[in-house]
Structures are given as C-alpha cells and as structure tokens.
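User: Hello! I am new to this structure and would like to get to know it step by step. Could you walk me through it?

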Amino acid sequence: MLTSQTKHALHCILLLCVLLVYQFATGGIQWGSNESLNFDPWERYGYTATFLLYLLRCFTILPLPQVLFNLYGLTRFNAFPGKVKLTGSPLLAPFICIRVVTRGDYKELVKNNVSRNMKQCLEAGLENFLIEVVTDKPIDLPQHRRTREIVVPSSYTPKSGALFKARALQYCLEDGVNILNDNDWIVHLDEETLLTENSIRGILNFVLDGKHHFGQGLITYANEDVVNWITTVADSFRVADDMGKLRAQFTLFHKPYFSWKGSFVVTLVSSVS
C-alpha cells in the first residue's frame with residue numbers, strides 16, 4: 001500500500017508532466033528554432049498595434065503571484081495527509097458553535113446533515129458544542145439540547161446593509177439573539193457541508209492552539225452520490241485552490257491576501273462580534 005509521502009510524490013510528478021505537456025502543446029516551450037517567428041513586430045504590425053499587443057501580454061502577468069502560490073502549495077504540502085492527531089484533550093476545548101446558514105428551501109437536507117454532523121462530532125470526542133441553523137424560512141428542526149434554530153425575520157435589516165448570507169450571520173450577533181461568549185468559537189458551514197472526523201480534529205487543534213483568530217479548512221466534493229458529473233468536475237478547481245494557494249497563504253502569512261471562501265471558516269467570537 002502506498003504511503004502518503006509516495007502518493008504526494010506521484011502527485012507532484014503528474015502535475016509537472018501536465019504542465020510540460022501543456023507548454024509543448026501551446027508552443028510555450030519549443031524544440032529548436034522556428035524561422036517563422038524571426039521577424040521584427042514593429043515593422044510587420046506597426047508601432048500602435050505592436051504596443052497594444054505587448055500591453056495585452058503584460059496583463060497575463062497579473063495573476064502570476066497567485067499562480068506561483070498555488071504551485072508552491074500543491075507541491076510543498078502533502079496532498080494526502082493521514083489521520084489528524086489531536087494535540088490536546090477535546091474536554092479542554094472551548095465552546096464551539098457549528099453555525100449552518102441556509103435559505104430553508106431544502107428542509108430534509110438540512111435536518112439530515114445536522115444529524116450526521118452531530119454524530120461525527122460525538123464520535124470525534126467533541127463534547128462542548130452546539131449546532132445552530134440560521135435560516136430565512138422555518139425548517140422545524142427537532143428539539144435537542146445540542147441544536148438551535150434561528151429564523152431571520154424578513155423585516156431585519158443590518159446597519160451595514162449586508163444581504164443574503166452576511167445578513168443572516170449578522171443577525172446571529174445581535175443583542176438578544178447571540179448566546180455565545182467572546183472566548184467561544186464559531187465554525188461557519190453551508191447547508192450541504194458535511195464534517196469529517198479529520199476536520200473536527202483539525203478544528204480542535206486550531207482552537208486549542210489559540211494563536212490565530214481566523215482559520216479555514218479544505219472542502220472536497222463528490223464524496224456522496226454525484227448528481228451531475230460536469231458540475232462536480234468543474235468544482236475540482238476549487239479543491240486545487242484550497243490545497244495550493246489558500247493553504248500557502250495561511251501557512252506563510254496567516255492572512256487571506258489572495259482569496260477567502262464563504263464556508264468552513266473558524267472564527268473566535270470576539271473577532272466578529
């Protein structure tokens with residue numbers, strides 16, 4: 001059976017091969033010289049056209065920092081990590097609120113995912129937690145001491161003028177609605193996001209460490225039944241973005257200089273309230 005290090009090495013080799021094949025296919029790398037390219041563009045196209053062409057080529061350099069960070073992250077960090085080891089006892093972890101945001105259109109989906117996420121939390125040894133469902137429409141979540149349903153009033157308008165998900169999350173922080181303390185943590189999820197044992201262990205290690213107030217984890221797709229392969233494969237670039245650029249920026253800078261996803265965000269309450 002291949003080890004995680006071997007899998008990552010094969011992953012890097014495959015990535016290098018894909019890049020080389022693409023460069024040869026598009027003419028970025030050529031064998032020998034091409035006489036058809038040996039000409040003076042200023043004479044052939046004129047000064048105005050040549051200047052515009054060179055200017056357009058310069059624009060392709062703009063995403064270069066993101067490309068380099070993505071390549072660095074995909075090759076530097078193990079893409080096939082093993083089981084996450086806890087750095088401390090879950091019993092010593094601060095209170096964690098798993099906050100799910102939904103419009104409330106798919107009630108059964110939300111209920112099933114809340115049940116599955118709660119089961120994963122308990123199996124991972126998490127004790128001090130609550131699952132909150134913030135919804136625009138009532139979903140009649142079953143009563144449980146570890147769950148809470150928050151229905152955002154249609155008349156609610158935040159001072160910032162935020163809309164949609166931001167509006168719902170802001171409502172949770174309002175006086176009379178918020179029940180969390182400044183030292184508690186919030187794990188922001190979308191309605192379809194499912195937690196795994198490894199992700200819960202990673203969250204526990206992050207909050208127990210306490211060095212940073214914001215964190216974000218990897219989201220993968222096609223873990224359940226695939227409804228549409230085309231859209232599922234299209235989403236694969238987001239996984240590569242998580243594994244490469246986002247992981248590199250958080251490891252090196254601990255700040256989202258390049259981008260930031262809207263789900264699977266871990267935050268300290270005092271940093272958002």
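Analyst: A salt bridge is a side-chain nitrogen of Lys or Arg within 4 Å of a carboxyl oxygen of Asp or Glu. Please keep in mind that this is a predicted model. By this rule the salt bridges number 13.

User: Which residue forms a salt bridge with lysine 111?

Analyst: Side chains of opposite charge can pair when their charged atoms come close. Here the closest N and O atoms are 3.9 Å apart, and the cut-off is 4 Å. The partner of lysine 111 in this salt bridge is glutamate 108.

User: How are lysine 111 and glutamate 108 separated in helix 5?

Analyst: An α-helix has 3.6 residues a turn, so residues three or four places apart point the same way. Helix 5 covers residues 107-123, and lysine 111 and glutamate 108 are three residues apart in that helix. Their separation is therefore about one helical turn.

User: How far apart are the closest N and O atoms of glutamate 197 and arginine 201?

Analyst: Both residues belong to helix 7 (residues 197-209), where they are four residues apart, or about one helical turn. Glutamate 197 is partly exposed at 30% relative accessibility, whereas arginine 201 is buried at 15%. The two form a salt bridge, and their closest N and O atoms are apart by 3.3 Å.

User: What is the N to O distance in the salt bridge of arginine 238 and aspartate 235?

Analyst: Arginine 238 counts as partly exposed, at 36% relative accessibility. Aspartate 235 is partly exposed too, at 23%. Their side chains meet in a salt bridge with an N to O distance of 3.5 Å.

User: Which element gives the largest share of the nonpolar surface patch?

Analyst: The patch covers about 1,200 Å² and includes Trp42, Tyr45, Tyr47 and Phe59. Two elements give two or more residues to the nonpolar patch, namely helix 2 (41-45) and helix 3 (47-59). Phenylalanine 59 sits in helix 3 and is partly exposed, with a relative accessible area of 45%. The largest share, eight residues, comes from helix 3.

User: How far apart are the end C-alpha atoms of helix 9?

Analyst: Helix 9 runs over residues 236-252, which makes 17 residues. At 1.5 Å a residue, the helix should span 24 Å. The computed distance between its end C-alpha atoms agrees with this, at 24 Å.

User: Where is the kink in helix 9 centred?

Analyst: The kink amounts to about 35°. The kink is centred on aspartate 242.

User: Which residue with a positive phi follows helix 1?

Analyst: Helix 1 (residues 4-26) reaches 33 Å from its first C-alpha to its last, close to the 33 Å expected for its 23 residues. His8, His11 and Leu15 are buried in helix 1, and helix 4 is part of what covers the buried residues. The residue that follows, with a phi near 85°, is glycine 27.

User: Which residues does asparagine 117 touch, leaving out those up to four places away in sequence?

Analyst: Asparagine 117 is found in helix 5. At 4% relative accessibility, asparagine 117 counts as buried. The residues it touches are Ile131, Leu189, Thr193, Leu194 and Leu195.

Technical notes
Residues are numbered from 1 along each chain as its sequence is written. This is a predicted model: local features need pLDDT of at least 70, side-chain atom pairs count only at pLDDT 80 or more; totals for chains, interfaces and linings use all residues. Side-chain values use heavy atoms; hydrogens and water are left out. Patches are made of residues with over 30% relative accessible area and no salt bridge: like charges are joined within 9 Å, nonpolar side chains (Val, Leu, Ile, Met, Phe, Trp, Tyr) within 5 Å. Accessible areas come from the Shrake-Rupley method with a 1.4 Å probe; for residues, only the protein chains shown count as cover. Buried means under 20% relative accessible area, exposed over 50%, partly exposed in between (1.4 Å probe, protein chains only). The expected span of a helix is 1.5 Å times one less than its number of residues. The bend at a residue is the angle between axes fitted to the seven residues ending there and the seven starting there. Contact means heavy atoms within 4.5 Å.
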